[in-house]
Amino acid sequence: MATKTINLNTEDIEDDCLCSEITTTCSIPLEQKDVEETQSLALNRPNGYLKGESRIERAWSHWKKLGEPKLIVAPMVDNSELPFRLLCRKYGAEAAYTPMLHSRLFNEDEKYRAMEFSTCKEDRPLFVQFCANNPDTLLEAARKVEPYCDYVDINFGCPQRIAKRGNYGAFLMDNLSLVKSLVEKLANNLNVPVSCKIRIFPNLQDTLSYAKMLEDAGCSLLAVHGRTRDEKDGRKFRANWEAIKAVRNVVRIPVLANGNIRHIDDVHSCLEETGADGVLSADPLLENPALFAGYRTAEWGLGVAGMKEDDKLDQAELLIEYLRFCERYPVPWRIIRSHVHKLLGEWFRIQPSVREDFNKQYKLTFEFLYDLVNRLKELGVRIPLYVKDTQQAVSAN
């Protein structure tokens, strides 16, 4: 299967350039033939995914076919790209979302499409997420990716100012008729199910009505971020698991919980308290992509009873693994730069001169980044990850 080759102009900013000229079978082959075949399937089957067995039965049948994944990488702009998804999958993630893609740009700009979305056979189950405020534009974008994913997801949760300016994300909570039309457009015309990611309203009843409306419109899976649109700071505002539990109890489709997932014990607590069918984690994974495998950063492991330092895996090793994925599956340097800061943030605080050298580096290379990790090690910097002390647990029993 042929793949896209991207030729960038020399005036492009370095960080917006791909980290490698290598093309791989992992890049999405957006060939017209594939798109036309997929469109034909949908057009020959009116009401696309909704026909046949009941919507609810199909929603559950699809979810079970995927293995009912419980540990899921949340969508993160410029951060949940393919190499990072693969790293998280290596360490326990069972499904993942792409970063939010802008539906209009995805349709109009071939370079944007090729730069911002890639996948491969190991990258499943996969949710491809779009923001949109026009049903036809959204459908056009969704049809381009439906052969390569398990859900097309609509972002109704982004609370940032850019979403307000663009009239998408959580700001569509003020226009529920548009929300409904976006979901219906996809549910009635795609051959893959539609999922939605939402935030809660300040009023619980409004949230429950919202969730039911999405289900009735054709949503097959609902991811609920347990914070309101105004609660942007995850460290300041605790996610409301009770609201997620209430949603779980009123809808009949699979529900995912998002918020307060900082380590594996949070996963177990959230599933138990909300009754959700899976959990999403976002920012904590950026510092610790091995979270779902039971590893903890010092913030959540140091001094905690039953935890011990892991003598092999740390954030520097995770960064090296991430960079190797990037060499195989190229992404823009700006994304790599962001991950380096997230993974080595605490290390840089110990050796700020290394951070300064990194920030000064206008043009990144893999050689420079591997040398940077080695330099930190030579300076004696190592912040361990923590894991459960199985020996201690055995002794206690």
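1. A contact here means heavy atoms within 4.5 Å of each other. With that in hand, take the contacts in the chain with a separation of 6 or more: residues 24 or more positions apart account for 73% of them. Bear in mind as you read on that this is a predicted model.

2. Some overall bookkeeping. The chain runs to 397 residues, and 57% of them count as buried. Its secondary structure comes to 18 helices and eleven strands.

3. I'd look at L285 next, which sits in helix α12, residues 283-287. Is L285 buried or exposed? Its relative accessibility is 0%, and buried means under 20%, so L285 counts as buried. Setting aside neighbours within four places in sequence, L285 is in contact with V73, F84, C88, L291 and F292. There is also N79, 206 residues away from L285 along the chain, yet the C-alpha atoms of the two are separated by 9.9 Å.

4. On to cysteines. C88, one of the contact partners of L285, is itself buried because its relative accessibility is 0%. C326 goes the same way: its relative accessible area is 0%, so C326 is buried too. As for disulfides, the test is a pair of cysteine sulfur atoms within 2.5 Å, and the count by that rule is zero.

5. Now a helix pair, α6 (residues 135-145) with α8 (residues 176-187). Their axes are 9 Å apart and the packing angle is about 35°. Which hand does the crossing of α6 and α8 have? It is right-handed. On the α6 side, the contact is made by P135, D136, L138, L139 and A142, while α8 brings in L178, S181, L182, K185 and L186. By class, the residues in this contact of α6 with α8 are seven nonpolar, one polar and two charged.

6. The other pair worth a look is α10 (residues 241-250) and α11 (residues 264-274), which pack with axes 8 Å apart at an angle of about 50°. Sorted by class, the contact of α10 with α11 holds four charged residues, three nonpolar and two polar.

Terms used:
Residues are numbered from 1 along each chain as its sequence is written. This is a predicted model: local features need pLDDT of at least 70, side-chain atom pairs count only at pLDDT 80 or more; totals for chains, interfaces and linings use all residues. Side-chain values use heavy atoms; hydrogens and water are left out. Buried means under 20% relative accessible area, exposed over 50%, partly exposed in between (1.4 Å probe, protein chains only). Axes are lines fitted to C-alpha atoms, for helices over the stretch in contact, and angles run from 0 to 180 degrees between N-to-C directions. Helices (H or I, at least four residues) and strands (E, at least two) are DSSP runs, numbered from the N terminus. Ala, Val, Leu, Ile, Met, Phe, Trp, Tyr, Cys and Pro count as nonpolar, Asp, Glu, Lys and Arg as charged, and the others, Gly among them, as polar. A crossing is left-handed if the near helix is turned anticlockwise from the far one by less than a right angle, and right-handed if clockwise.
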